[in-house]
Amino acid sequence: MTSEPETYITPEVQAYIGTESPPLVSPPVSESEIRRFAMAAYWPEVPPRRFWDAEYAKTTRFGGIVAPDEFNPFGWMVGRAHIGPQPTHIDDAQGELEEARNLRPPGAPERYLYAGSSSEYHAPIRPGDVITSILKFTEVYERQGGLGLMLFYAVEERMTNQNGELVRVFKTNNILY
Amino acid sequence: MTIYWQDVEEGSEIPEFSRTTTLMNWNRWASVNDEFVPMHMDDDEARANGQQAAFGEGPLRYSYLHSALREWIGDDGDIVFVNAQYRGINYKGDTLTVSGRVTGKREENGRHLVDVDLAITNQRGEAVTPGNATVALPSRG
């Protein structure tokens, strides 16, 4: 085992603040994706009708189906067209995608904890929307803890839709130790 | 039923939202998110990584916070902000209950906002996911 450094926040890590991922662009969101997400999120109880009943959703102020606020339009992204050439194997492609969006600070320890998250919600996601996500490495600090020197960092994701409207700002707080 | 901003009182509780979670919940969540993490699906993999057994996904708990808010505010309210911290581990069979208390009301840019402290507590009384949220509600008149 190598000895622990005095700090993980090297000039290289400082310079990493502000680094952005390449944009990830979703395929058009479908009604079925929204329905399945809502069913999984609420399982075993039936989710609110505005997520799956088009006739009912028309009668709401949304005028049609909307996705749950926390809906993830980026599952099963292997058929994407926007990062690199088209893949042949799902596992490889998923790894490549995660690598492109993995904003871990350089030289940091390997063990990871997902500490928390926050979301600001703006325009709702509707069927047909194409969502673009860009991640940004925004903050880093460290503390001595029970597990040794721990590196805390924050990543901010901005999602926009095909009209350029802001959909969501999602921040994650992460720990490496 | 529509909940109006004027009808919400500071200090009041929101209705509880509860789920008893097993692989049936976690695997469905993994499937719609394409998030097949071995530690969330297999006890041996979880033990190899220092946990007692397979455990539930943090983002599913985050979703439960949203569902609790939606069950409360209905179709006419909007979730504006949700913050959560992942503390305890969610093991198989745990009953997770979301509770919330109104901490403040304010008007901002023409929106009628309500701030809420949230907590997910398991059947052992452990607060596994403290959080807070802001919702926007319709206003009477």
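Student: Is B:Arg70 buried or exposed?

Tutor: B:Arg70 is buried, with a relative accessible area of 3%. Buried means under 20% relative accessible area, exposed over 50%, partly exposed in between (1.4 Å probe, protein chains only). Keep in mind that this is a predicted model, where local features need pLDDT of at least 70, side-chain atom pairs count only at pLDDT 80 or more, and totals for chains, interfaces and linings use all residues. Residues are numbered from 1 along each chain as its sequence is written, chains are lettered from A and ligands numbered from 1 in the order in which they are written, and side-chain values use heavy atoms, with hydrogens and water left out.

Student: Which element is B:Arg70 in?

Tutor: Helix α3 of chain B, residues 58-73. Helices (H or I, at least four residues) and strands (E, at least two) are DSSP runs, numbered from the N terminus.

Student: And what does B:Arg70 touch?

Tutor: Leaving out residues up to four places away in sequence, its contacts include A:Tyr42, A:Arg50, A:Phe51 and B:Ile79. Contact means heavy atoms within 4.5 Å.

Student: Which residue forms a salt bridge with B:Arg70?

Tutor: A:Glu70, with the closest N and O atoms 2.8 Å apart. A salt bridge is a side-chain nitrogen of Lys or Arg within 4 Å of a carboxyl oxygen of Asp or Glu.

Student: How many salt bridges cross the interface of chain A and chain B?

Tutor: The rule finds five.

Student: Which elements of chain A supply at least two residues to that side?

Tutor: α2 (31-42) and β2 (112-121). β2(A) gives the most, eight residues.

Student: What does β2(A) join in chain B?

Tutor: Strand β2 of chain B, residues 78-85, through five bridges. The two strands run antiparallel. Strands pair if DSSP finds at least two bridges between them. A:Ser117, for one, has B:Ala84 as its bridge partner.

Student: How much area is buried between chain A and chain B?

Tutor: About 2800 Å², with carbon and sulfur atoms giving 46%. Buried area is the accessible area (1.4 Å probe) that two parts lose on being put together, summed over both. In chain A, the residues losing the most are A:Tyr42, A:Trp43 and A:Arg61, together 23% of what that side buries.

Student: New topic. How many helices and strands does chain A have?

Tutor: Four helices and five strands. From the N terminus on, the order is α-β-α-α-α-β-β-β-β.

Student: What share of chain A is buried?

Tutor: Buried residues make up 45% of its 177 residues.
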